[in-house]
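The stops below are meant to be followed in order.

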Amino acid sequence: MAIKIKECAPTPDIKKLENLVQITKTYSDIQLLAAAHTEDAQQGRGSFGKAYAMECDKSSVRIAYNITSHKFWHYFIILVIIIHCILLFYLINEPYYILMEIICILCYIADNSLHIILFTPKTFFSISKTAIKAKLHFLLTCLFAFDLFYMLYFYLESVNLKQIPIVFQFLRPAVFIIKIKTIYHIFGVVVKTFIRILSTLLAILLFVLFFSCVAVHLFGLIYEQSDDPVYGGQFSNVGLAFIRLFVLITTENFPDVMMPAYNYHPATFIYFVIFIYVGVFILLSILLAIVVDNYWIIAKLNVKAERLQVRKELAKAWNLMADGSGK
């Protein structure tokens, strides 16, 4: 008698399949997060970039990041800044002008609100260098809002806007500096360089002040009696002498400024030669050398800081792919 053998298909282990799907899904998420860290490194976004938004549990943070990182939003804010700056030259008592001012401020408020959501209020309003550009923009927006209420009050009182001082209007181009990354970096380097050369500038000012005091005693009467329409009486006091010598250190008014004294006696030429030689050929040359040296030092420090941030983000991407830690 033949025995029939029934072939049964192997029963799949459902739990193993579920684990495999979960592992695949987790690995896919790790790949996306690692790619986000790499993109943040390339774009120079730092710790609050695409990877930060992906890891955050709050959907509002992800929405805020998607809006603020979009090119359209960036160009839109730049357009608003340009319009806001153009309005400086057209102060008129018309409803559409006030409406344009209000729209610009509302756009600034919207941009600031998105950044507050992105960085979280605790981080945004903390006393730290984190989100420094967004904090500066928030401060400027508050000042511009003050100007707006100020204008609205006088507009409702039917006062000509051209007759009132708009206190913070000169700060409007500062928003443009903050929003353009390249300009912001250059401006930051210039400011830091200026701080470092303050001692040298002070030495030059003291040098000019010293020669101004000497000029008042030597040439005061000579210039008071001079018939020169421009420089007559210009060494009567230290203030006027300081202004003329400060201009002289740039050689803009040389040799006209010394001609009344030279016509009185040729020996006075020695005073001006010493001043120009020391001021122009020594002090200004030293100042220029210090400016260039400090500029490159600060620029290199900024580049190192940016590279360090890039390496941190790349290291996070590498660790994610290696062991899933992302630290």
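**Before selecting**

The model is predicted: local features need pLDDT of at least 70, side-chain atom pairs count only at pLDDT 80 or more, and totals for chains, interfaces and linings use all residues. Residues are numbered from 1 along each chain as its sequence is written, and side-chain values use heavy atoms, with hydrogens and water left out.

**Stop 1: the nonpolar cores**

Select I81, Y97, Y108, L118, M151 and L161, which touch the most other members of the largest nonpolar core, a set of 38 residues. A nonpolar core is a set of buried Ala, Val, Leu, Ile, Met, Phe, Trp, Tyr and Cys residues joined through side-chain atoms within 4.5 Å. Buried means under 20% relative accessible area, exposed over 50%, and partly exposed in between, with a 1.4 Å probe and protein chains only.

Next, colour the elements that give two or more residues to this core: α2 (50-55), α3 (59-68), α4 (71-86), α5 (95-119), α7 (132-156) and α8 (172-179). Of these, α5 gives the most, with 10 residues. Helices (H or I, at least four residues) and strands (E, at least two) are DSSP runs, numbered from the N terminus.

Centre the view on L161. Leaving aside residues up to four places away in sequence, L161 touches L91, I92, N93, Y97, I98, M151 and Y155; contact means heavy atoms within 4.5 Å. Another core, of 25 residues, lies apart from the largest one and includes Y231, A241, L245 and V257.

**Stop 2: the cysteines**

How many disulfides does the structure hold? The number is zero, where a disulfide is a pair of cysteine sulfur atoms within 2.5 Å. Select C104 and C107: the sulfur of C107 is the closest cysteine sulfur to that of C104, but at 6.5 Å it is too far for a bond. C104 is buried at 3% relative accessibility, whereas C213 is partly exposed at 32%.

**Stop 3: the aromatic rings**

The structure holds 25 aromatic pairs. Rings of Phe, Tyr and Trp (its six-membered ring) pair if their centres lie within 6.5 Å; planes under 30 degrees apart count as stacked, over 60 as edge-to-face and the rest as tilted.

Display F124 and F125, an edge-to-face pair with 5.1 Å centre to centre and 75° between the planes. F124 is buried at 2% relative accessibility, while F125 is partly exposed at 48%.

Then move to F219 and F272, a stacked pair with 5.6 Å between centres and 10° between the planes. F219 lies in helix α10 (residues 198-224) and F272 in helix α13 (residues 269-323), so the pair ties together parts that are 53 residues apart in sequence. Both F219 and F272 are buried.

**Stop 4**

Select T68, in helix α3, which is buried at 17% relative accessibility. Its side chain reaches the backbone oxygen of A64 at 2.8 Å.

Finish at W296 in helix α13, which is exposed, with a relative accessible area of 52%. The C-alpha atoms of W296 and V189 are separated by 8.8 Å, and these residues are 107 residues apart along the chain.

Technical notes
Polar contact = N/O pair within 3.5 Å; in protein donor to acceptor, adjacent residues only side chain to side chain.
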